[in-house]
Amino acid sequence: MDRLAEPLRQAGLKRANISLDSLRRDRFKEITRRDALDRVLAGIDATLAAGLHPVKINAVVVRGFNDDELEPMAAWARDLGVELRFIEFMPLDAPGDWTRDQVVPGGEILARLDAAFGLEAPDPRGSAPAERYRYRDGRGAVGVIASVTRAFCAQCDRIRVTADGQVRTCLFATTEYDLRSVLRSGTGDDAVAQVYLDAVARKQWGHRINETDFVQPARGMSQIGG
Ligand code: SF4
């Protein structure tokens, strides 16, 4: 984003979500296997300078790993004017190391933020994944995505297309719909539309993280565009 924020805005991009799970250089490197925290911070600055709005920062909270950064990250986001969204750790990690005791529940996250900064009652949510709370002092808002402990699948209207052209109707889908080959076949818009219709018609009711028959999808978050 430090190079592309402005060209992307000129191409029509209006808003941005950026993943950042730690403000500590050593942790960032451990998570991403790159010593590139400074570049991501520069990218966030460039995104703001390009006038994209809102700029949301997604941070996955993992107990015993980065949960000591809740308040520092919230303070940083408030100072910078970006909207931070804390996300419960979901079993979408590439190594498959997720365990339930690593999940910091959304309720615990909110209680800590409320104690540190003071939060208003939540905004109306609709189909958005995040519960959004304004800070009582008027300096911004914070979101919590409690996918594990307060699943919101019944309201979910999201689908996604991966970088390799597969339509997924849920983060935890084990089935994908091949949009790329239909696009490349040149059979036209109706065929493309049919891929979406077939996919949406089969959208599952939700994840089964809390069920004994849960199956972790073969592709992790970074492979499906998150
Ligand atoms: S249905 Fe799937 S994508 Fe939608 S909220 Fe539930 S887990 Fe997430």
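The radius of gyration is taken over C-alpha atoms, and the globule rule is 2.2 Å times the number of residues to the power 0.38. For 226 residues, a compact globule would therefore come out near 17 Å, and this protein has 19 Å, which agrees.

What you see is a predicted model, in which local features need pLDDT of at least 70, side-chain atom pairs count only at pLDDT 80 or more, and totals for chains, interfaces and linings use all residues. Residues are numbered from 1 along each chain as its sequence is written.

Along the principal axes, the C-alpha atoms fill a box of roughly 55 × 45 × 35 Å. There are 8 helices and 9 strands, which are DSSP runs numbered from the N terminus (helices H or I, at least four residues; strands E, at least two).

Now to one helix pair. The axes of helix 4, residues 70-80, and helix 5, residues 106-117, come within 10 Å and cross at roughly 60°. Axes are lines fitted to C-alpha atoms, for helices over the stretch in contact, with angles from 0 to 180 degrees between N-to-C directions. The two helices are therefore oblique to each other; under 35 degrees counts as roughly parallel, over 145 as roughly antiparallel, 65 to 115 as roughly perpendicular, and the rest as oblique. On helix 4 the contact uses L70, E71 and A74, and on helix 5 I109, R112, L113, A116 and F117, contact being C-beta atoms, placed from the backbone, within 7 Å.

Next, two loops. R33 sits in the loop between helix 2 (25-32) and helix 3, and R33 has a positive phi of about 60° although it is not a glycine. P54 lies in the loop between helix 3 (37-49) and strand 2 (55-61), and the peptide bond from H53 to P54 is cis, with omega near -5°.

Last, the ligand. Which residues are around the ligand? They are S147, F152, C153, C156, R158, C170, L171, F172, G206 and H207, where near means a C-beta atom, placed from the backbone, within 6 Å.

Conventions:
Contact = placed C-beta atoms within 7 Å.
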